[in-house]
Amino acid sequence: MRIIAVEDHWPEYGTIVVRDTHGVDPASRSRPGLPLLDEQAVDAQPGGTIAKAGDGWLQASARDARHHVRLEAHHGPPPLDDVWHDVVETPYYANTGSVMLTTVLYGENYADRPLRLGAPGMYRVRVSCRRTPPEIPGFEASEGDLWRMQFWAAPEPPQPPRWLARSRPAVQSGRTGWEAVLGLPCQEVLHAVQIAAGTSDATEEQIAAAYQPWSSSSGDWSGPLAEDLSDYAVQLGVPAPATRQELLRLLVAAGLVIAETSAEVTRYRPPASPPPVEEVLRLPDEQVTMIRRQDAFHRYTSFAADLAAVAVWSPGCTVSATLEELSHQLLATEEEIHGAIRYGTERGLFSTSGDEGMFTAMPRLPPPPEVGRIARRLE
């Protein structure tokens with residue numbers, strides 16, 4: 001086994017990237033017979049929910065923090081262990097037989113530390129992540145997550161990716177739309193409620209102590225609000241808030257914070273499932289449409305990239321399976337898979353034939369031509 005370890009890697013754009021080392025002319029690269037394995041071939045989110053790979057590249061979805069990254073070369077499939085929160089296996093086509101840790105923008109920081117895999121050809125890589133608690137500004141630091149990429153030679157034809165462990169649901173919880181309506185001050189106060197009520201319901205004094213401005217334009221806890229929320233306050237039947245302290249009343253009326261009074265002391269906590277904003281407030285139709293689109297994007301964009309990763313490694317870039325089979329392969333519910341296929345089809349990422357578990361990955365559309373250049377050509 002060969003190992004390359006990087007103890008302090010901060011990825012660009014929250015994406016850990018591994019690519020083939022240099023030395024192969026792109027025009028002479030051999031291909032595994034599948035047309036959509038280039039890094040930009042499909043219009044899917046980098047990394048998916050955990051990681052995905054293709055012809056000479058691998059992307060893993062990481063948060064903005066410093067991480068520990070290990071690249072390992074094995075003679076065969078390494079044994080599975082259960083100390084990892086997220087695990088996915090995927091094919092990887094190596095044109096040089098060597099890989100290196102790099103960045104989205106092709107950084108060369110680790111070019112002198114390649115990992116030799118073996119002969120050029122088809123490999124399989126198991127990407128595992130052990131997560132640590134995220135850093136909370138002003139409260140605690142994060143140790144960074146541990147990422148491990150284990151490569152071994154695999155026979156062709158390649159077997160599509162398979163997810164072996166998930167620490168979170170494949171489909172995210174989505175967005176209620178409140179952040180788009182109420183703005184930054186309400187998000188800051190809600191964040192303070194979440195921190196203060198982390199272990200038990202919090203008093204207003206504890207929430208005030210937990211409050212941290214998110215930007216230089218944010219005011220302190222008792223400072224005046226620049227935002228006019230009077231229209232929403234009227235709909236909710238509460239006085240218009242003038243400070244972040246007074247925002248608590250509005251957030252309680254909206255159902256975003258639960259308040260309970262006992263022995264003349266009021267304590268606050270976030271609800272288990274806050275209501276969507278369009279179910280509470282009267283909003284213009286176009287704003288509701290925008291909020292629903294944002295919600296669908298937040299829910300499905302990462303998981304749709306997982307489905308696209310399965311498709312591009314399948315014959316004809318087409319997945320033909322039952323929802324039950326996909327559920328075992330992706331560690332996701334049939335409802336989540338059905339929703340992600342529908343979302344990807346609406347975005348042009350997939351085409352479908354009507355069968356529930358059948359979809360085809362579509363190539364990324366070329367960028368639209370520049371209007372100025374078209375005008376000059378017509379003159």
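This is a predicted model: local features need pLDDT of at least 70, side-chain atom pairs count only at pLDDT 80 or more; totals for chains, interfaces and linings use all residues.
User: How is a strand read, and is strand β6 buried or exposed?

Analyst: In a regular strand the side chains alternate between the two faces of the sheet. Helices (H or I, at least four residues) and strands (E, at least two) are DSSP runs, numbered from the N terminus. Buried means under 20% relative accessible area, exposed over 50%, and partly exposed in between (1.4 Å probe, protein chains only). In strand β6 (residues 86–94), nine of the nine residues are buried, so the strand is largely enclosed by the rest of the structure.

User: Which residues of β6 lie on each side?

Analyst: D86, V88, T90, Y92 and A94 are on one side, and V87, E89, P91 and Y93 are on the other; all are buried, which leaves both faces covered.

User: Which strands pair with β6?

Analyst: Two strands pair if DSSP finds at least two bridges between them. β6 pairs with strand β9 (residues 121–130) in the antiparallel sense over nine bridges, and T90 stands opposite V125 in β9. β6 also runs antiparallel to strand β11 (residues 162–165), joined by three bridges; there, V87 has A165 as its bridge partner.

User: What does the salt bridge between R148 and D81 link?

Analyst: The closest N and O atoms of R148 and D81 are 3.2 Å apart. The pair links distant parts of the chain, with R148 in strand β10 (residues 146–153) and D81 in the loop between β5 and β6, 67 residues apart. R148 is buried at 9% relative accessibility, whereas D81 is partly exposed at 37%.

User: Where do D145 and R131 lie?

Analyst: D145 forms a salt bridge with R131, with the closest N and O atoms 3.7 Å apart. Both lie in the loop between β9 and β10, so the pair ties together parts that are 14 residues apart in sequence. D145 is buried at 0% relative accessible area, and R131 is buried at 18%. Salt bridges that share partners join R63, D86, R131 and D145 into one network.

Conventions
Residues are numbered from 1 along each chain as its sequence is written. Side-chain values use heavy atoms; hydrogens and water are left out. A salt bridge is a side-chain nitrogen of Lys or Arg within 4 Å of a carboxyl oxygen of Asp or Glu.
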